[in-house]
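This report takes up a sheet and a helix contact in turn. Please keep the sequence and the model in view while reading.

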Amino acid sequence: MANIGRAPNTIDAYGRAVEDHLRFCAADGTDPVLARADTVAAWIRNMLDRPLTQASTRSRRSETGLANATIQQRLVAVRSFYEYLVEDGLREQNPVRRGQAGRGGRRPRQGLVRHVEQAPWIPNEDVWQRILTVCAVNSLRNRLMVTLAYDGALRREELVQLDVEDFEPAHRLIHLRAETTKSQRAREVTFGSTSSQLFVAYLRERRTLFGRIDGPLFRSVSNRNYGAPLGPSSWSKTVERIARSAAATRLSTHTFRHLRLTDLARADWTLDQIAQYAGHRDLATTMRYIHLSGRELAARFHRANTTIHADRERLLASLLEER
């Protein structure tokens, strides 16, 4: 997977998925080369019933079972592992059944675990205000990271890998390099006046702290890693602290991206435009990010219903006329 250019995070996630399956097989006394579909089913049951750590239950109601998306990802990885064994002639069949869409006249077939589509969480106005209030007392660097994460709808890895030379302040543009994006496709995003002012202020502070250096924009100020580029885990820990202080337990590094893409939908951007801004290859992925609150849906329904009702009344009024 590394040799064909898969992203490091993908390789890491797939490796952990296969390791989890191999550990289960060892505990079950099953040789993975000889594992059958019932072993895979038992492993799935184990993942569904597995007690979670405190960190894993932060935003979930259930206290047992891995998330559906996590299980789906692990099944894909382990299916690839068994495909490798089949190709190498170590087995005849893959015990991890693949689902099949009902296209081209084919009969649809459900995969081993049904997909559960959860709408991404975005904060309402009150929660968003609490989050911003907490962010306001954070460092200049953290405040800039929050505004850029929102303005550019940036993923965690895209944000921490921003380079000073990626910015075009005159046009408020950020040029995202292909090697820093999940889709391996370069794109451009924009940022607002608040981010612009914070960017200039942070560059001055950065020059004072670390001197005139190019390269990664965000740098660590800790004694252990002073001046080193900030890593994804550091940004995650920062957001976790903000979430605790703002009593917004569901806040994550992806929330700023979710909110920005939803706000673009509210501003009547087309699906294609939002997908391009987000860097999505598949419009179906964009659809999972674009959702409106129940209050907004109710308001739209009321406006539409009022218009339809007026049209109906106008047509019914013709019955008042004598012919």
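## The sheet

Three strands form an open sheet in the order β1-β2-β3, and their pairing is antiparallel. Because β1 (167-168) and β3 (187-190) each have a single partner strand, they stand at the edges, and one side of each is left without a neighbour in the sheet. Strands here are DSSP runs (E, at least two residues) and helices likewise (H or I, at least four), numbered from the N terminus, and two strands pair if DSSP finds at least two bridges between them.

The model is predicted, with pLDDT of at least 70 needed for local features and 80 or more for side-chain atom pairs, while totals for chains, interfaces and linings use all residues. Residues are numbered from 1 along each chain as its sequence is written, and side-chain values use heavy atoms, leaving out hydrogens and water.

## Strand partners and faces

Two bridges join β1 to β2 (residues 173-176) in the antiparallel sense, with isoleucine 174 of β2 as the bridge partner of phenylalanine 167. β2 and β3 also run antiparallel, joined by four bridges, and leucine 173 stands opposite threonine 190 in β3.

The axes (lines fitted to C-alpha atoms over the stretch in contact) of α5 (residues 140-151) and α9 (residues 255-266) come within 7 Å and cross at roughly 45°. Contact (heavy atoms within 4.5 Å) involves Val146, Ala149, Tyr150 and Asp151 of α5 with Phe256, Arg257, Leu259, Arg260 and Asp263 of α9.

Key: Axes fitted to C-alpha atoms, helices over the stretch in contact; angles between N-to-C directions.
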